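Dear colleague,

Here is the structure we talked about handing over. My notes on it follow below.

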Amino acid sequence: NTSAISYLGFVDTRISYKGWLLTVGGSYNKLTYKRLNNSTSLKKETNAFQPILVPRIGLLKSISNSVSILTSYSKGYSPPTVWDLEITDALINKALQPEVGENIELGIKFKHKEKIKSSITVFQLNTENAIVSKQLQNSNFEFSNAGFTQQIGVEYLIQLNFKFKEWTFWNSLAYTFSEYKFKEYENEGNN
């Protein structure tokens, strides 16, 4: 049996002034995995990741009543899952570390009358310690941190709301195109 204990705290502040909106936030993440063995000959294993503070800052400027531009910077934190950490039924892969990413976005938002809103955003996400799997001879998988990825893309969102008698309907349609590339990739010690 493997258990996970997670602590997450998030804070967010928004400040607006003359058409500008500044958003500053962050989260505190702490995660510990424990492997409880049924056999008395095996010891209980624990893997605790270093706590991390993950910041986010965003800025939006209203150009008119119907157009706004936005930019943001944020960090991301993605710890390995219980499945990723298990080497065998009795061991935890203590070498596996969380993925950490930095994301930059630039976009524009449109408001078409009161019923339709849309936005288009370009982004770049750089991830360190990307987790990849390798198939072992016994058909099991082992996960490792393999390097650095760069993910570039575009997101489009359209939102439509309409009323029918006393009912209000909100509808969203989103599309994302992205290209993901390993910039550094390590496989069994080879780069």
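Ser27 counts as buried because its relative accessibility is 13%; buried means under 20% relative accessible area, exposed over 50%, and partly exposed in between (1.4 Å probe, protein chains only). This is a predicted model, in which local features need pLDDT of at least 70 and side-chain atom pairs count only at pLDDT 80 or more, while totals for chains, interfaces and linings use all residues. Residues are numbered from 1 along each chain as its sequence is written, and side-chain values use heavy atoms, with hydrogens and water left out.

Ser27 lies in strand β2, residues 20–35. Helices (H or I, at least four residues) and strands (E, at least two) are DSSP runs numbered from the N terminus. The protein chain has one helix and eleven strands, in the order β-β-β-β-β-α-β-β-β-β-β-β.

Setting aside residues up to four places away in sequence, Ser27 touches Leu8, Gly9, Phe10, Ile52, Leu53 and Val54, where contact means heavy atoms within 4.5 Å.

Beyond its neighbours within four places in sequence, Leu96 is in contact with residues including Asn47, Pro80, Asp84 and Ser144.

Over the whole protein chain, 26% of the 191 residues count as buried.

Regards
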